[in-house]
Amino acid sequence: MVWETAGTILAALLSASLVLVALLVVTVKDLVYASILLAVLGALTASLVALLGYYLVAAFIIIVYVGAAVMFIIITVSMLGGGGLESRDHLKGAAAASLSLAVLLIVFLSYLRVPEVGLPLYVDVAGLIDRVVVDYLPVIAIILVALAATIIEAIAVARRG
Amino acid sequence: MNLTLLLIIIAAVAVASVGVYGLTSSRNFVRQLLSLEVVFNAIILLIAVMLASSPGVATILLVILVLIVSGEVVVIMALVISAYRSGKSLESDILGEEGV
């Protein structure tokens, strides 16, 4: 009971920080700082995912997403010097955000059922990896080839400029 | 109802809306990419919560999602570099006028 309450308090703190950092990512003027804040957002997301019990996914988010993808964004934006001036249409943005907030809240809190499960969740990682390697090896191979092709395409696009 | 899951759903929905705000209010390519990544973080949380009754499926789905988004980031940043070299700006309006 004590652990459940502590987990809920931690989730509330992390959720509030998540929303605050997300707001900063889209409003901070300097794009370099916005990119760095995106790394913080990724770390907060990983923390919440770990709190739910998905430790493997949390590690994956930190290593692959924050450690590689977001670092790539930070380095590129720093090299470009922030990208110059930025024009904004706050009214259009606020209208779209309000609409999406209303629709998502209605969909997730009214129509979809929040699962009744105990936290943290138990994921049998060893069994999962065995299943993936035995049953889904061709799928994994296709994904890896597609990712390699994507990186080659990205290098070609960047060199063309 | 599990209060922790409910809190995470509400936070994820709020974060997704913040991302939509950034995506629609700005004309800057990098800002739009950052906003898209904010929405992606919200989607990770929503999938993690909504598939909590089958955590094995959720784990595989989330790992594949992270891989695909990392690839997407690489391609979009390559396009950003290419556009910046051609037009010296990241504003979609200016690049459109110059025919980049």
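Me: A crossing is left-handed if the near helix is turned anticlockwise from the far one by less than a right angle, and right-handed if clockwise. Is the crossing in which α1(B) passes α2(B) left-handed or right-handed?

Reply: First, this is a predicted model, in which local features need pLDDT of at least 70, side-chain atom pairs count only at pLDDT 80 or more, and totals for chains, interfaces and linings use all residues. Residues are numbered from 1 along each chain as its sequence is written, while chains are lettered from A and ligands numbered from 1 in the order in which they are written. Helices are DSSP runs of H or I with at least four residues, numbered from the N terminus. The way α1(B) passes α2(B) is left-handed.

Me: How are α1(B) and α2(B) directed relative to each other?

Reply: Axes are lines fitted to C-alpha atoms, for helices over the stretch in contact, and angles run from 0 to 180 degrees between N-to-C directions. The axes of α1 (residues 3-25) and α2 (residues 29-50) of chain B come within 8 Å and cross at roughly 160°. Angles under 35 degrees count as roughly parallel, over 145 as roughly antiparallel, 65 to 115 as roughly perpendicular and the rest as oblique. The two helices α1(B) and α2(B) are therefore roughly antiparallel.

Me: How many nonpolar residues does the contact of α1(B) with α2(B) have?

Reply: Two residues are in contact if their C-beta atoms, placed from the backbone, lie within 7 Å. The residues that make the contact include B:Ile8 and B:Val15 of α1(B), and B:Arg31 and B:Leu45 of α2(B). For the classes, Ala, Val, Leu, Ile, Met, Phe, Trp, Tyr, Cys and Pro count as nonpolar, Asp, Glu, Lys and Arg as charged, and the others, Gly among them, as polar. Besides one charged and five polar residues, the number of nonpolar ones is 17.

Me: Which helix supplies the largest share of the side of chain A that touches chain B?

Reply: Here 74 residues of chain A are in contact with 66 residues of chain B. The chain A side divides into 50 nonpolar, 16 polar and eight charged residues. Its largest share, 13 residues, comes from α3(A).

Me: At what angle do α6(A) and α3(B) pack?

Reply: Two packed helices are described by the angle between their axes and the distance between the axes. Here α6(A) and α3(B) are roughly parallel. Their axes are 7 Å apart, and the angle is about 10°.

Me: Is B:Gly71 buried, exposed or partly exposed?

Reply: B:Gly71 lies in helix α3 of chain B. Not counting residues up to four places away in sequence, B:Gly71 touches A:Leu147 and A:Thr150. Because 19 other C-beta atoms lie within 10 Å, B:Gly71 is partly exposed.

Notes: Buried ≥ 20, exposed ≤ 12 C-beta atoms within 10 Å, placed from the backbone.
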